[in-house]
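Subject: Structure for your review

Dear colleague,

Please find below the structure that I promised to hand over, followed by an account of what was found in it. I would be glad if you kept the model open while reading.

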Amino acid sequence: VGGILAGDGRLSKGEYSGMAPGASLVIVKVLDARGEGSVEQILEGILWLKDNYKRYGIRVANVSVGAKKGLEGKKEQELIEAVEMLWDLGITVVVSAGNRGPAAGSIAVPGNSRKVITVGSLDELGMKNGCSGVGPTDHCIVKPEVTAPGYQVSSCNSRYFRTKIPYVRKSGTSMATPVVSGAVALFLSKFPEAQNVDVKLRFRQSCEYREEGA
């Protein structure tokens, strides 16, 4: 995720560059080595952001996680309120739509928040089945606001020091989300006075719409 967002491609020949290679990253780890975690861990990470965003100048929060289906209602509300708290602080919060699609109403929590920018993954040639979460939400909110490439995206291999393979390809909305977060970072570097609401409106206005199946 970090490589897609801000990789600088200096590792080897044939390197890949991230969306915003000049961006600075503050990594908040909330998942284990298997990519699993709890709502409590995610909330703890979000609270850390709340307490430290001014210290590190954090303007964009990439949330490439989503709760599993059937999450308890109280925990769902806590996650939504947490990301909306960051949004209300002025941080542009970019959240993955989850991979439970393509059935209607399959947006993962907290991507179903009405405030944050929710990112789905584009269907691409060669895909066997689309999985990106789609709306509407339980409150009839259209989601996701944006879709981006998320199929077979090349980025840094977290196991490089063991395998000596610098890059791997992965798929899902967790890969599409940092594409958008990187684009947000580029936008804010050009328009530093822009607020998160401005970012959301500009990105929605600049989207190209296509009919389902087109």
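Helices (H or I, at least four residues) and strands (E, at least two) are taken here as DSSP runs, numbered from the N terminus. This is a predicted model, in which local features need pLDDT of at least 70 and side-chain atom pairs count only at pLDDT 80 or more, while totals for chains, interfaces and linings use all residues. Residues are numbered from 1 along each chain as its sequence is written, and side-chain values use heavy atoms, with hydrogens and water left out.

Overall form

The protein contains 6 helices and 6 strands, and these follow one another along the sequence as α-α-β-α-β-β-β-β-α-β-α-α. Its radius of gyration, taken over C-alpha atoms, is 17 Å, which agrees with the value near 17 Å that a compact globule of 214 residues would have by the rule of 2.2 Å times the number of residues to the power 0.38. The C-alpha trace spans about 50 × 45 × 35 Å along its principal axes.

Of the 214 residues, 41% count as buried, where buried means under 20% relative accessible area, exposed means over 50%, and partly exposed lies in between (1.4 Å probe, protein chains only). Taking a contact as heavy atoms within 4.5 Å, 69% of the contacts between residues at least 6 apart in sequence join residues at least 24 apart.

The loop between E2 and E3

Val-116 sits in the loop between strand E2 (92-96) and strand E3 (117-121), and with a relative accessible area of 0% Val-116 is buried. Leaving aside residues up to four places away in sequence, Val-116 touches Val-83, Trp-87, Val-93, Val-95, Pro-110, Lys-143, Glu-145 and Lys-200. The C-alpha atoms of Val-116 and Thr-92 are 7.4 Å apart, although 24 residues separate the two along the chain. Pro-110, one of the residues that Val-116 touches, also belongs to the loop between E2 and E3, and a cis peptide bond with omega of about 10° joins Val-109 to Pro-110.

Cys-140 is in the loop between E3 and E4 and has a positive phi near 60° without being a glycine. Gln-152, in the loop between E4 and E5, has a positive phi of about 55° and is partly exposed at 37% relative accessible area. As background for these entries, most residues other than glycine have a negative phi, and most peptide bonds are trans.

Cysteines

How many disulfides does the model have? With a disulfide taken as a pair of cysteine sulfur atoms within 2.5 Å, the count is 0. For Cys-131, the closest cysteine sulfur is that of Cys-207, and at 19 Å the two are too far apart for a bond. Cys-131 is partly exposed, at 29% relative accessibility, whereas Cys-140 is exposed, at 66%.

With kind regards
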